Amino acid sequence: MKKLGVIVNPIAGLGGRVGLKGSDSLDIINKARQMGARPESPRRTVEALKLILKQKNQTQVITYPAEMGEEECLAAGFEPEVIGSIISGGTTPEDTQTAAREMACAGVSLILFAGGDGTARNIYDAIGDKVPVLGIPAGVKIHSAVYAVTPRNAGEVAAMFLQGRLKKLREAEVMDIDEQAFREGVVSARLYGYLRVPEESRYIQHAKSRGALSGEETLQGIAADVIAGMKEDDSYYIIGPGTTTRAVMERLGLKNTLLGVDVVRRRALVASDVSENQLLDIVKDHQAKIIVTVIGGQGYLFGRGNQQISPRVIQQVGKKNIVIIATKEKLISLSGRPLLVDTGDEELNKQLSSYMRVTTGFKDYVMYRVGY
Amino acid sequence: MPRDKETLLRKFHQAKWDEQIIFEMSVPGERGILVPQAGEEISAIIGDGLSVIPDQLRRKTPPALPEVAQARVLRHFMRLSQETMGADVNIDIGEGTCTMKYSPKVQEHLAARHPGMTAIHPLQDDETMQGILEIYYRLEQFLKEISGLDYFCFQPGGGSQAVFLNACLVRAYHADRGDHERDEIITTIFSHPVNAAAPATAGYKVITLMPDENGYPTLEALKEALSERTAGIFITNPEDTGIYNPEIAEFVKAAHDAGALCSYDQANANGLLGVTRAREAGFDLCHFNLHKTFSAPHGCMGPAMGAVGVRSELAGFLPVPRVEFDGQGYYLDYNRPQSIGRVRSFFGNTPLALKTYTWIMQHGAEGLREVAECAVLNNNYMDKKIREIPGVVVYYAKDERRLEQVRYSWEKLKEDTGVDTEDVERRMADYGLQHYFTSHHPQVVPEPFTPEPCDSYSKDDIDEFVAVLRQISREAYEEPDLVKNAPHHSTIHMVQNPLIFELEKIATTWRQAKKKGLV
């Protein structure tokens, strides 16, 4: 009997319909409620859970009380085991964290959770990548790649995973933006970390594409191509955050900062997890190249999770020394939307907006539009 | 009971045999043919025939081949054939880009039974095989006329090898001019993927152009990609979406301006035959899959023939031998010092050249153009009907007419019902149609399917094919599990798709299967 954990962030998506851009603070939640907002997560959770109902007899569902999962599980037709305690009507991010921890201890094979970027962060903070998870999209902002494309897809993937039809797991980005700043019109996104989600590219993040090669083989090809370019090259290589760029570091046998920026020269590590100032020092008098990948589901190249590579750093290095790496599937998942740059410098954004070459495999490239 | 006159649907059930793999049927000592010993007269001249094999090449142990008598072999393969759906059994419209047209049986009879085909050997003296050489020579003249290019080569054993040959010819051309810096090939994502794969095999870096919101590769992206490193552009047009790139002349010009050559993938020329030519489109090289457009037939990985055409500037680099005519007779010319050598032994899959020749002779010039006209008409008739099916969406080039095929999407069906293109594909088998072609990878159009109702199919054939799609769409909305668990009337039931991505569970040979512990 497989154990499935279900966590619902009952207020996820509350602010969206009334234009409040999120629901991270209590004030906002109250304001949203006064404006007549209804949370999106209960309905969406039920929709997803219904697709797992067929495996009811082979699945033990563990959830949290009342609106944090119990009600949704019952509505979908499950008889869940309810653990923990909450103050109904006054749930907090800590409840999500405790729930995730307790479910991890109970030995669930998968935590299916409904929420937005904040919810994913809470779960990441609580259990890291210990237990496979999958998000039902219900939040206002979804920059994280741990969410299925639709609630239905979340249900389908969870069902396949519980049946053992999907076995592979993939690391997916947990992103969040500062909601306060977002309300003031400033987007400041951070890459918080990675959760492990079942790999089914058609349903999660890479919604609309599927490759013939496995993700791992493609990554090795991309890394090999970047490294081939390093031969007899005295440049400093500024390696941005992400799992795609990590493949380069791993192939070089170098320690990698998944969420930060590392610097490599002559295939050796020069500095780890550097700041903007450190980068400026390096690029001031030396040739350098920037290796970046697409961060999160939105297609950002600069300005999301890699702010260390600032406008001044980029200008110093020069556009022609930017090496973009990404799988074709990731590009296709953008449905024709351009790769985005939000460097903070309008002039630079404009300069970077053109067709740029993206390394998609060994000796394999795609011309892709960059915009802002 | 005949096919339902109203719905056009069939009550079909595929044969299902619990057939062993032929290796499992092996009984030691059982034989299909007892090979006769050579008579005294022959032995006196050539000896035992075996001792000429060098020791290093001789097997120490006999190969582990199955030992099965004729009758059992026949039954085995007849049963397997009943468990498949070939072009001769079903309305083979689903296999878009493959051009599964009817191949007249007379061609097969000639190729399989005419002693001029069955009793010749490529090492015979030229004078003793004038017939087949004449067919090669005349076929070359036909294809020159059809494409406008100056020389043809029939050596490649398929379309991929033809594109590989084109990449080798492009390399030889630049090398001959002393230009060794050109190491990049540009293609588009909706060109057949061999336009990326074959140049990559030949050592090139490959740059792919993505479609814009209307499905076209953009000239701006091409110009950004072109440089003094570009050896050539390798593209299909119309692309696999059935959309003809209206800027093709500008593409070719931009490539030529950058010093690159242009290679036209015309593997499937069914929308263009007798209408447009590679020469007028400005291309330097092209290839035809004789087993697609020219009905040789398309054999699902079977023997094939990719005919490569080039302008005269590239003729010197073509493979040897070439079939030439000296005014009296036909001969094989090996004396071509600039030739890249060979891509295949002797002169390719001879029966396909014969079948193509026969097919062209049956049609004549006007007939070839009519083939293209019928193919495009059929496609546009079917396109109108398929667009009316609930759940179908068509991406790109709104209100533009498609040529010989269309890439459709079941994206809406999936959103509405959870039934995806693979579910529909499997359900097709329950109505006596073989699974259809979705698209090449990576799938840019979500939940794709790409049918191609080429010249051979009647209105009734197309109506039946569409009726099945419409029926499956209805089932998806009313009873999605019926479709998701399909097929129900077939040889094997649902194969879970993610499973086939587990390499350790795939074996393409008996030896591999044993090694991986799968049997």
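What share of the contacts in chain A with a separation of 6 or more comes from residues 24 or more positions apart? Such residues account for 67% of these contacts, where a contact means heavy atoms within 4.5 Å. The structure is a predicted model, in which local features need pLDDT of at least 70 and side-chain atom pairs count only at pLDDT 80 or more, while totals for chains, interfaces and linings use all residues. Residues are numbered from 1 along each chain as its sequence is written, chains are lettered from A and ligands numbered from 1 in the order in which they are written, and side-chain values use heavy atoms, with hydrogens and water left out.

Chain A contains 13 helices and 16 strands; helices (H or I, at least four residues) and strands (E, at least two) are DSSP runs, numbered from the N terminus. Of its 372 residues, 60% count as buried. Buried means under 20% relative accessible area, exposed means over 50%, and partly exposed lies in between, with a 1.4 Å probe and protein chains only.

Helix α6 of chain A, residues 151-163, illustrates burial well. The 13 residues of α6(A) reach 18 Å from the first C-alpha to the last, close to the 18 Å expected at 1.5 Å a residue; the expected span is 1.5 Å times one less than the number of residues. Because 11 of these 13 residues are buried, α6(A) is largely enclosed by the rest of the structure. Among the buried residues are A:Pro151, A:Val157, A:Met160 and A:Phe161. A:Gly164, which follows α6(A), has a positive phi near 85°.

Two other helices of chain A, α4 (residues 93-105) and α5 (residues 117-127), pack at an angle of about 45° with their axes 8 Å apart. Axes are lines fitted to C-alpha atoms, for helices over the stretch in contact, and angles run from 0 to 180 degrees between N-to-C directions. α4(A) and α5(A) are therefore oblique to each other, given that angles under 35 degrees count as roughly parallel, over 145 as roughly antiparallel, 65 to 115 as roughly perpendicular and the rest as oblique. Residues of α4(A) including A:Thr96 and A:Ala100 meet residues of α5(A) including A:Asn122 and A:Ile123.

Attention now turns to the nonpolar cores. A nonpolar core is a set of buried Ala, Val, Leu, Ile, Met, Phe, Trp, Tyr and Cys residues joined through side-chain atoms within 4.5 Å. The largest has 61 residues, and B:Leu143, B:Phe154 and B:Phe288 are among those with the most contacts inside it. Helix α10 of chain B, residues 350-387, gives the most to this core, with 9 residues. A second, separate core of 44 residues includes A:Val261, A:Ile309, A:Leu339 and B:Ile189.

Some backbone details remain. Most residues other than glycine have a negative phi, and most peptide bonds are trans. A:Ala66, however, has a positive phi of about 45°; A:Ala66 is found in the loop between β2 (59-63) and α3 (70-76) of chain A and is buried, with a relative accessible area of 16%. A:Ser335 also has a positive phi, near 50°, but is partly exposed, with a relative accessible area of 42%. In chain B, the peptide bond from B:Asn237 to B:Pro238 is cis, with omega near 0°, and B:Pro238 lies in the loop between β4 (230-236) and α9 (248-257).
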